[in-house]
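The tour begins with the whole chain and then moves to single side chains.

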Amino acid sequence: MPKIVIAPEFITKVLTDQGLTDWQVKIAYHREVSNNLGMCAWHTKIIWVRASRRTEQKHRNTLLHEVAHALTPGARHNKPWIQKFTELQQQYWDASVRGYN
């Protein structure tokens, strides 16, 4: 079974920092997110990250990708979403690459 390697502290920090304290992050081990690496469900306030044999950095990047969707409802992958995702990557890049401190 694939595993996910992402520190719960990192998830909590990102959600808290971004004002998403009423959101949850769930790990998808089966088909909860179809073939996607992650999914943002606004109506339930759940961010799904699919378990896989990827690195922790890639799992964290997926989390940031979905957080960007949570912060830009309906934006898809357009300019506002790209700006937010880029900001999140810059803000958490050190933590994403070197591990949560």
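Among contacts in the chain between residues at least 6 apart in sequence, those joining residues at least 24 apart make up 51%; contact means heavy atoms within 4.5 Å. This is a predicted model: local features need pLDDT of at least 70, side-chain atom pairs count only at pLDDT 80 or more, and totals for chains, interfaces and linings use all residues. Residues are numbered from 1 along each chain as its sequence is written, and side-chain values use heavy atoms, with hydrogens and water left out.

Colour by secondary structure. You get three helices and three strands, in the order α-β-β-β-α-α along the sequence. Helices (H or I, at least four residues) and strands (E, at least two) are DSSP runs, numbered from the N terminus. Of the 101 residues in the chain, 41% are buried. Buried means under 20% relative accessible area, exposed over 50%, partly exposed in between (1.4 Å probe, protein chains only).

**Stop 1: the rings**

How many aromatic pairs does the structure hold? There are two. Rings of Phe, Tyr and Trp (its six-membered ring) pair if their centres lie within 6.5 Å; planes under 30 degrees apart count as stacked, over 60 as edge-to-face and the rest as tilted.

Select Phe10 and Tyr92. Their ring centres are 6.0 Å apart and the planes meet at 80 degrees, so this pair is edge-to-face. Phe10 sits in helix 1 (residues 8-17) and Tyr92 in helix 3 (residues 79-98), so the pair ties together parts 82 residues apart in sequence. Both Phe10 and Tyr92 are buried.

Next, select Trp81 and Phe85. This aromatic pair is stacked, at 5.0 Å centre to centre with 20 degrees between the planes. Trp81 and Phe85 are four residues apart in helix 3, so about one helical turn separates them. Trp81 is buried at 6% relative accessible area; Phe85 is buried at 12%.

Arg60 lies over the ring face, 4.3 Å from the ring centre. A charge sits over a ring if NZ of Lys or CZ of Arg is within 6 Å of the ring centre and within 35 degrees of the ring normal.

**Stop 2: Arg54**

Select Arg54, in the loop between strand 3 (46-50) and helix 2 (56-71). The side chain of Arg54 makes a polar contact with that of Ser52 (2.7 Å). Here a polar contact is a pair of N or O atoms within 3.5 Å; within protein, one must be able to donate a hydrogen and the other to accept it, and residues adjacent in sequence count only if both atoms are side-chain atoms.
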